[in-house]
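Subject: Handing over the model

Hello,

Here is the structure I promised to send over. My notes follow it.

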Amino acid sequence: MTSSSTSNSPCAACKFLRRKCLPGCIFAPYFPPEEPQKFVNVHKIFGASNVSKLLNEIMPHQREDAVNSLAYEAEARMKDPVYGCVGAISVLQRQVMRLQKELDATNADLMRFTNNDMPNSSFSMFPGQYGARIGQGAFDHNSGFFLPYASQWNNNHSGCSSEEGGDGTI
């Protein structure tokens, strides 16, 4: 009984549009009755007529992808009416760039720490690679390492040991 009641149930599009869902309904395969919000969002952003025209113009094997794209864009437009999914893409691209810079800095630190054990090692062996980071850090006279960031714990510029206060004062 349950399967016959769901098979006679109109698709989400026909139910929303308050019309009879015919056997050849273009919306039925892509907007099932269990997902009414999917069609509501798509209808609000694109309109039922435009979606119907689009689905009729593209090949049947491409329709599911097209509907999923429309549903994703419609949901993104509901959340951000100005930028839609482009805003989400931009945020993700900025995050990727930030993480790439962080990865590059970590790799540079790893290379620097690996090469720090070499006799007379200097950063001039790697032209341009570390220059921007050297000016931003501090040399720790206690360990002999260049630390890539300055803080109250590693800015001991006077060569005093950590027992002497760490800030150059005795």
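In this predicted model, helices α3 and α5 are roughly perpendicular to each other. Their axes come within 8 Å and cross at roughly 75°. Axes here are lines fitted to C-alpha atoms, for helices over the stretch in contact, and angles run from 0 to 180 degrees between N-to-C directions. Angles of 65 to 115 degrees count as roughly perpendicular, under 35 as roughly parallel, over 145 as roughly antiparallel, and the rest as oblique. Helices (H or I, at least four residues) and strands (E, at least two) are DSSP runs, numbered from the N terminus.

From α3, the contact uses K38, N41, V42, K44, I45 and F46. From α5, it uses V67, N68, L70, A71, E73, A74, E75, R77 and M78. Contact means heavy atoms within 4.5 Å. By class, the α3 contact with α5 has eight nonpolar, two polar and five charged residues. Ala, Val, Leu, Ile, Met, Phe, Trp, Tyr, Cys and Pro count as nonpolar, Asp, Glu, Lys and Arg as charged, and the others, Gly among them, as polar.

Next, the pair α3 (residues 36-46) and α4 (residues 48-57). Their axes come within 7 Å and cross at roughly 100°. That makes α3 roughly perpendicular to α4. F39, V42, H43 and F46 of α3 meet A48, N50 and V51 of α4. This contact divides into five nonpolar, two polar and no charged residues. After α3 comes G47, with a positive phi near 90°.

Which residues of α3 are buried? They are K38, F39, N41 and V42. Buried means under 20% relative accessible area, exposed over 50%, and partly exposed in between (1.4 Å probe, protein chains only). Seen down the axis of α3, the buried residues fall within an arc of 160°, so they line one face of the helix. The arc is that of the directions from the helix axis to the C-beta atoms. These buried residues pack against α2 (12-17), α4 and α5 (63-79).

Two single residues, briefly. D65 sits in helix α5. D65 is exposed, with a relative accessible area of 54%. Its C-alpha atom is separated by 9.6 Å from that of Y30, 35 residues apart along the chain. A88 belongs to helix α6 (residues 85-115). A88 is partly exposed, at a relative accessible area of 34%. The C-alpha atoms of A88 and A76 are separated by 8.0 Å, and the two residues are twelve apart along the chain.

One item comes from a record. An unreviewed UniProt entry annotates residues 89-116 as "coiled-coil region". UniProt positions are given in the numbering used here, feature names are shortened, and annotations may be inferred rather than shown by experiment. In the model, that span is 96% helix and 0% strand, and its end C-alpha atoms lie 40 Å apart.

Along the sequence the pattern is α-α-α-α-α-α-α-β-β. Of the 170 residues, 28% count as buried. Among contacts between residues at least 6 apart in sequence, 33% join residues at least 24 apart.

On conventions, residues are numbered from 1 along each chain as its sequence is written, and side-chain values use heavy atoms, with hydrogens and water left out. Local features need pLDDT of at least 70, side-chain atom pairs count only at pLDDT 80 or more, and totals for chains, interfaces and linings use all residues.

Best regards
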